Amino acid sequence: MNRKTLCALLAPAALVACGGAAPSPAPAPTPGAATDEPGPGRGGRAYDSWTGELGLAAPAALRRPDGVDVTDTGHAFRLKNFYGWDLRGAAGIYGPRYQAKAYVLGRDWLAGAEPVDAVLAILRDGDHELPAFGAVLPEDALREIAQFIVDVRDRALAHPDDIFTLVEGSPGNYALRPGADPARGAAYFADTCADCHGDDGTAMLFDDGAYSLGTHSRQKAYEDWFKILNGHPGSAMARQVSGTGAEMGQTILDVLAALCDRGRFPAGAATGGDVPDGDPRCGAYLR
Ligand code: HEC
């Protein structure tokens, strides 16, 4: 084989040796950079943190329809604090039987049946517990949040019941559901997440260096399912799954099960520690 034929067969990275131009490296992702496009997932990201997603400041107080002012008691007016990462309010993971957050509100969005307009009206005008978010959020943002809530409830998006069950008196108060394919999840991670998070999920640490992606997912999958479904507010991470609600749920569960492998997705430089053998959150997926 002559040199010209050989060079024609080589992968682009080897072309430099053949006198070709070096391929330009892919641009590095910019962690934390906001995307210009609203895109899918924005309603969920605004539910997570509307200040972070929309670049707005939280007020000192917001008023309920009965005239009572609700002040920030550690909830930062995040709807995820009022209703949890599972949208179930006091019946869910933030409720008194589980993580018992002081600021959780009673409404279980997943047990309701309101159309989008009615959900929007509750968010805009408030109820006997919730202050009126119409004072700080424009109608189109409120509609996106309402649509997100209805889509999770009606399973047009992944539903928390696809991902985990609640467990009283157990670490984190949840366990991943059976039925995942961790090998499929690992392949999905390599294709979809590794560019930003690194092949082993240690390229970015969270909560001031406390967690790698692996150690976070093994301890807080009830949060991470939501991030994979919607993205992270105000960052380059948008929705990471597509298809029907059930397909999204399966993919999210597969990825979370893959992240239960402590060897493949280690702590790296994270300071917060990892789960011990037998920890119930990953269940049979823990490696
Ligand atoms: C375009 C880059 C990008 C892609 C692709 C991406 N992420 Fe992210 N991800 C980020 C950024 C940026 C953050 C926010 C980090 C921060 O500021 O705390 C983040 C945050 C997260 C968080 C939240 C952690 C926390 O403590 O709040 C999880 C969980 C997560 N990503 C998982 C994934 C998974 C799983 C995938 C693939 C299915 C994925 N990400 C794909 C960039 C990305």
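Here are some notes on the predicted model above, point by point.

1. Ground rules. This is a predicted model, so local features were taken at pLDDT of at least 70 and side-chain atom pairs at pLDDT 80 or more, while totals for chains, interfaces and linings use all residues. Residues are numbered from 1 along each chain as its sequence is written, and side-chain values use heavy atoms, with hydrogens and water left out.

2. Overall make-up. The chain has 10 helices and four strands, in the order α-α-α-β-β-α-α-α-β-β-α-α-α-α along the sequence. Helices (H or I, at least four residues) and strands (E, at least two) are DSSP runs, numbered from the N terminus. Of its 287 residues, 46% count as buried; buried means under 20% relative accessible area, exposed over 50%, and partly exposed in between, with a 1.4 Å probe and protein chains only. Take the contacts (heavy atoms within 4.5 Å) between residues at least 6 apart in sequence: 60% of them join residues at least 24 apart.

3. The iron site. H197 (NE2) and M237 (SD) coordinate the iron atom of the ligand at 2.0 to 2.2 Å. Donors here are N, O and S atoms within 2.8 Å of the metal (3.2 Å for Na, K and Ca); water is not among the atoms, so sites may look incomplete. H197 sits in helix α8 (residues 194-197) and M237 in the loop between α9 (213-230) and α10 (245-258), so the pair ties together parts that are 40 residues apart in sequence. H197 is buried at 10% relative accessibility, whereas M237, at 22%, is partly exposed.

4. Why call the iron geometry octahedral? Because the six donor atoms around the iron atom of the ligand subtend angles of 85 to 179 degrees. The rule is that six donors count as octahedral if opposite donors are over 155 degrees apart and all others between 65 and 115; four count as square planar on those angles and as tetrahedral if all angles lie between 85 and 135 degrees, and anything else is irregular. For reference, ideal angles are 90 or 180 degrees for six octahedral donors.

5. α7 against α10. The axes of α7 (residues 182-192) and α10 come within 7 Å and cross at roughly 90 degrees, which makes α7 roughly perpendicular to α10. Axes are lines fitted to C-alpha atoms, for helices over the stretch in contact, with angles running from 0 to 180 degrees between N-to-C directions. Under 35 degrees counts as roughly parallel, over 145 as roughly antiparallel, 65 to 115 as roughly perpendicular and the rest as oblique. From α7, P182, R184, G185, A186 and Y188 meet Q250, T251, D254, V255, A257 and A258 of α10. By class, this contact has six nonpolar, three polar and two charged residues (Ala, Val, Leu, Ile, Met, Phe, Trp, Tyr, Cys and Pro are nonpolar, Asp, Glu, Lys and Arg charged, and the others, Gly among them, polar).

6. Around L123. L123 belongs to helix α5 (residues 116-125) and is buried, at 1% relative accessible area. Setting aside neighbours within four places in sequence, its contacts include L79, W109, F133, G134, L142 and I149. G134, in the loop between α5 and α6 (139-153), is partly exposed at 36%. Beyond four places in sequence, G134 touches L123, R124 and L142.

7. Two positive phi values to look at. F77, in the loop between β2 (69-71) and α4 (79-83), has a positive phi of about 55 degrees although it is not a glycine. L87, in the loop between α4 and α5, has phi near 65 degrees. F77 is buried at 0% relative accessibility, and L87 is buried at 0% too.

8. P59 is in the loop between α3 (50-54) and β1 (61-63) and is partly exposed at 24%. Leaving out neighbours within four places in sequence, P59 is in contact with W50, F77 and V136; V136 is 77 residues away in sequence but 8.1 Å away in space, C-alpha to C-alpha. G44, in helix α2 (residues 42-48), is buried at 0%.
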